[in-house]
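Please look over the chain shown below before reading on. The report that follows covers its helices, its nonpolar core and its salt bridges.

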Amino acid sequence: MRLYTRTGDKGKTSIIGGRVDKDHLRVEAYGTLDEVNSFVGQAMTLLTDERFQDIYAELQKIQHELFDCGGDLAIVNNKLPYKVTSEMVTFLEQRIDEYIKQAPPLEKFILPGGSPAAAAIHVARTVARRAERCIVSLSKAEPINEIVLQYVNRLSDYFFAVARVINARLGVKDVEYERSAIVFRDKGEK
């Protein structure tokens, strides 16, 4: 197997159902998801302690799902079944709800950081937000699997919750943004 094919030397790339320019919105969207996946992999190298076995396993599952998201975004002919499902979104929501319970209460914005592992997850979170913006742009121009957009939106929330739990498990306090107003309240509060 050769890693290079020379078919992209003129700025085009193959997607499922055709060829497009390498700077096409579709390529930008799934390429940014690839960046997210790489940052997740980097973060995982910092989560080998047994306190993070659950998070590590979830992140590995998410890496596979990010490939699914990219594959769904690479389909232009709508002939193949999509891989990303609403059950994947539900899983992230369940994990977010669980992790919120494990972290200290939050009222204000926090600075990304804390421990090296939490900081790495915050990088994945911010790149996931950029991927989401790319997917929104693509969805305005061409049909996509809308569940991918939901998944990526939830994924950045998941990363935020996970980063806070990592810091909590390590005994590292999140640093509140010093000029933040109270922005997070319990749903029951007015």
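Where is Leu111 found? Leu111 is in the loop between α3 (86-102) and α4 (116-141). Helices (H or I, at least four residues) and strands (E, at least two) are DSSP runs, numbered from the N terminus.

This is a predicted model, in which local features need pLDDT of at least 70 and side-chain atom pairs count only at pLDDT 80 or more, while totals for chains, interfaces and linings use all residues. Residues are numbered from 1 along each chain as its sequence is written, and side-chain values use heavy atoms, with hydrogens and water left out.

**Overall makeup**

The chain has 5 helices and 2 strands, in the order β-β-α-α-α-α-α along the sequence. Of its 190 residues, 41% are buried. Here buried means under 20% relative accessible area, exposed means over 50%, and partly exposed is in between (1.4 Å probe, protein chains only). The chain exposes about 11,000 Å², of which carbon and sulfur atoms supply 53%. Accessible areas come from the Shrake-Rupley method with a 1.4 Å probe; for residues, only the protein chains shown count as cover. Among contacts (heavy atoms within 4.5 Å) between residues at least 6 apart in sequence, 77% join residues at least 24 apart.

**Nonpolar core and surface patch**

A nonpolar core is a set of buried Ala, Val, Leu, Ile, Met, Phe, Trp, Tyr and Cys residues joined through side-chain atoms within 4.5 Å. The largest one has 46 residues, and Leu59, Tyr151, Tyr158 and Phe159 have the most contacts inside it. Two or more residues of this core come from each of α1 (25-44), α2 (53-73), α3, α4 and α5. Helix α5 gives the largest share, 12 residues. Tyr151, one of the residues with the most contacts inside the core, touches Ile62, Glu65, Leu66, Cys69, Val84, Met88, Val89 and Leu92, leaving out residues up to four places away in sequence.

Leu111 counts as partly exposed because its relative accessibility is 41%.

**Salt bridges**

Side chains of opposite charge can pair when their charged atoms come close. A salt bridge is taken as a side-chain nitrogen of Lys or Arg within 4 Å of a carboxyl oxygen of Asp or Glu. The whole structure contains 11 salt bridges. The table gives three of them.

| Salt bridge | Closest N and O atoms |
|---|---|
| Glu35 and Arg130 | 2.9 Å |
| Arg154 and Glu93 | 2.8 Å |
| Arg129 and Glu132 | 2.8 Å |

Glu35 forms its salt bridge with Arg130. This pair links distant parts of the chain, with Glu35 in helix α1 and Arg130 in helix α4, 95 residues apart. Glu35 is partly exposed at 31% relative accessibility, and Arg130 is partly exposed at 29%.

Arg154 forms its salt bridge with Glu93. Since Arg154 lies in helix α5 and Glu93 in helix α3, the pair ties together parts that are 61 residues apart in sequence. Glu93 counts as partly exposed, at 31% relative accessibility. Helix α5, which holds Arg154, covers residues 146-170. Leaving aside neighbours within four places in sequence, Arg154 is in contact with Val89, Leu92, Glu93 and Ile96. The side chain of Arg154 also makes a polar contact of 3.0 Å with the side chain of Asn153. A polar contact is a pair of N or O atoms within 3.5 Å; within protein, one must be able to donate a hydrogen and the other to accept it, and residues adjacent in sequence count only if both atoms are side-chain atoms.

Arg129 and Glu132 are separated by about one helical turn, because they are 3 residues apart in helix α4. Arg129 is partly exposed, with a relative accessible area of 27%, whereas Glu132 is buried, at 13%. A network of salt bridges links Arg129, Glu132 and Asp157.

**His122**

Helix α4 also holds His122, which is buried with a relative accessible area of 2%. The side chains of His122 and Arg125 are joined by a polar contact of 3.1 Å. Not counting residues up to four places away in sequence, His122 touches Ile110, Pro112, Gly113, Phe160 and Ala163.
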